[in-house]
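Trainee: I have a structure open and have not looked at it before. Can you walk me through it?

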Amino acid sequence: MKIYSSECLLEGQDQLGEGPVWDEQLQELFRVDIEGCKLHRYRPSDGRQIAYQLDLKVGAAVPAEDGAWVLALADGFYRFDLETGTTTLIAHTKEDSPNRLNDGKCDPNGRFWAGTMSSIWNQRSGHLYVLEDGKLSTRLSEVGCSNGLAWNADGTLMYYIDTFENFVDAFDYDQATGQISNRRTVITIPEGEGSPDGMCIDSEGMLWVGHWNGWQISRWNPSTGEKLASIPLPVSNVTSCTFGGENLDELFITTARIGHDEMQLSKQPLAGALFRVKLDVKGLPVQRAKG
């Protein structure tokens, strides 16, 4: 198994850093701090940083084809203008608090998928939604903590993580309709390595998974279930990752501070920081939201 070394890129203190997205048009990295209600924007070429303060917790952010962004805020999906910082409601999830939207991504056809979770742990009251043409539909129910999503390059498979389960599941995916079927487990996270969180896919079809309470990002072959590589990190709650950089061969990794007391944080001073790893494999460009 291959072991990679990481570097700390930004010693930020995200309470719950998540959802990193590389915008290849802007050559900038976006990420959210769910608990901090912020969308962060970072340009590696000159170090410029911008933080957008939002009124609600933000689970995910994706760029749209028209230059706007679409946010999965606690209670629904919103358009967001980077220039003015204003949000406009697209659709509410109609779920009652304490449920909120969590991780999300766009599929190869520009549909925005995002799921919910309860802030009361151990409740399976979440759903997985699809936003298409301004309308919401439900794909899964009785979800514990809806998390990582990824699609293979030809759009025939969708991978999905419910953090309540120590698995990565696969579905057959119909690009024309956005329907999923034939759910099965393709990766099992070993005991003692935490729980699977966010996820991305590389150009070889391998999955990179963040380990909550697992101190690492791992690379897996979803066809065989084999663990191929690990990126050890100096923080326990590793939340997600995405490919970026000029050649899409850098992995950006988000982490979190929540879930730790002051003594634990004193032993993990970089909890909540953003990390980067130079890799020998490339990722896929971000899928943008349509409509």
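Trainee: Which strands each supply at least two residues of the lining of the largest pocket?

Mentor: They are β3 (17-23), β7 (58-63), β11 (99-106), β15 (146-151), β19 (195-201) and β23 (238-244). Strands here are DSSP runs of E with at least two residues, numbered from the N terminus. This is a predicted model, where local features need pLDDT of at least 70, side-chain atom pairs count only at pLDDT 80 or more, and totals for chains, interfaces and linings use all residues. Residues are numbered from 1 along each chain as its sequence is written, and side-chain values use heavy atoms, with hydrogens and water left out.

Trainee: What volume does the largest pocket have?

Mentor: About 460 Å³. A pocket is an open set of points on a 1 Å grid over the protein atoms alone, where a 1.4 Å probe fits, with protein on both sides within 12 Å along at least five of seven lines; lining residues have an atom within 4 Å of a point. The volume is the space filled by probe spheres set on the points, which are joined across faces, edges and corners.

Trainee: Which residues are closest to its centre?

Mentor: K105, L284, P285, V286 and Q287, out of 28 lining residues. By class, the lining has 19 nonpolar, 7 polar and 2 charged residues. Ala, Val, Leu, Ile, Met, Phe, Trp, Tyr, Cys and Pro count as nonpolar, Asp, Glu, Lys and Arg as charged, and the others, Gly among them, as polar.

Trainee: New topic. How many aromatic pairs are there in the whole structure?

Mentor: The search finds 9. Rings of Phe, Tyr and Trp (its six-membered ring) pair if their centres lie within 6.5 Å; planes under 30 degrees apart count as stacked, over 60 as edge-to-face and the rest as tilted. One of the pairs is W208 with F243, edge-to-face at 6.0 Å centre to centre and 85° between the planes.

Trainee: Which parts does that pair tie together?

Mentor: W208 lies in strand β20 (residues 207-212) and F243 in β23, so the pair ties together parts 35 residues apart in sequence. Ring pairs also link Y4, W208 and F243 into a cluster.

Trainee: Is W208 buried or exposed?

Mentor: W208 is buried, at 0% relative accessible area. F243 is buried as well, at 4%. Buried means under 20%, exposed over 50%, and partly exposed in between (1.4 Å probe, protein chains only).

Trainee: And which strands are in the open sheet of 4?

Mentor: The order is β15-β16-β17-β18, with antiparallel pairing. Two strands pair if DSSP finds at least two bridges between them. The edge strands are β15 and β18 (179-188).
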